[in-house]
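These are my notebook entries on a structure that I looked through for the first time. I began with backbone angles and then turned to the sheet.

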Amino acid sequence: TTVSFSTPGLPKNAKNFVFVGDSITAGFGMGSGDSKKRFPTTFTQLMRAAGFHNATEINLGHAGFGLTQKTENLRAQGHKYYESVLARKPDILFCQWGVNDHFLGYSVEEYLESYETLLKGVRAVYPHIPIVILTLCPDFRYPSKHQNISEIGTQVRPDHSHPIWEVRANAGLQLLGLKYSCYMAYIHKTLDHNKKYGQEKGVHPDRHGHKVISLLLTRVLKAQPLSYENLAFVTDSYVPIHFVNYTIYP
């Protein structure tokens, strides 16, 4: 597949394509022979074919960790997580965090606070580079709307995760995207809990799912970052969600 486009703030000689996230970014479960099929690698290859010949994947994916966890651990050592990102001098940054923050039991508020700390720290040094926020990868074990409104707050998945967490987190990510002028990659809607994109168990995409994400990222960069002039909101919520000055009903 060949794509052709230009992205504001991303010159053709851009080199450092930095990807941060959990095991999804790292390509967990792909097998040693398939690691090159993970979305950061396939996307970087697509960008080289599109004329960004210096594009180099810098993969900071950390399997088994959540953003809040990494933020807290480094803070306890006197460091800030975003410093490790800045050290790679990103020309463009892709952020894929949230699945493990959910499973490890952090609140949505803690997760979004850690996310904002990351974005604010990067924007302070690189105010104009493209930043792409990926919404949470859907859990392929469950459909997108498997509860009705009467069950909210009472029914919990067998692994003790709760779908309303994902809904609120994705809404919060879009608010952060608006605040920090980020591109949004709505992978929760693109993959849409479709099991044909996932590995046999859990939340990890398979090779097909990773390819779909990489192609989505090329489309995202042809668009515009979120702004009040380019306002968008995507949700699969089955409960009312507040966004900016609006309430979105299912």
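I looked up Lys-89 and recorded it as exposed because its relative accessibility is 56% (buried means under 20% relative accessible area, exposed over 50%, partly exposed in between, with a 1.4 Å probe and protein chains only). The model is predicted, so I note that local features need pLDDT of at least 70 and side-chain atom pairs pLDDT 80 or more, while totals for chains, interfaces and linings use all residues. Residues are numbered from 1 along each chain as its sequence is written, and side-chain values use heavy atoms, without hydrogens and water.

I found Lys-89 in the loop between α4 (81-86) and β3 (helices are DSSP runs of H or I with at least four residues, strands of E with at least two, numbered from the N terminus). The phi of Lys-89 is positive, near 45°, although the residue is not glycine. Most residues other than glycine have a negative phi.

I next checked Ser-181, which lies in the loop between α7 (163-179) and β5. Its phi is also positive, about 55°, and Ser-181 counts as partly exposed because its relative accessibility is 35%.

I then traced the open sheet, whose 5 strands pair in parallel in the order β2-β1-β3-β4-β5 (two strands pair if DSSP finds at least two bridges between them). The edge strands, β2 (56-61) and β5 (183-185), each pair on one side only. Strand β1 (residues 16-21) is joined to β2 by 6 bridges, and I noted Asn-59 in β2 as the bridge partner of Phe-19.
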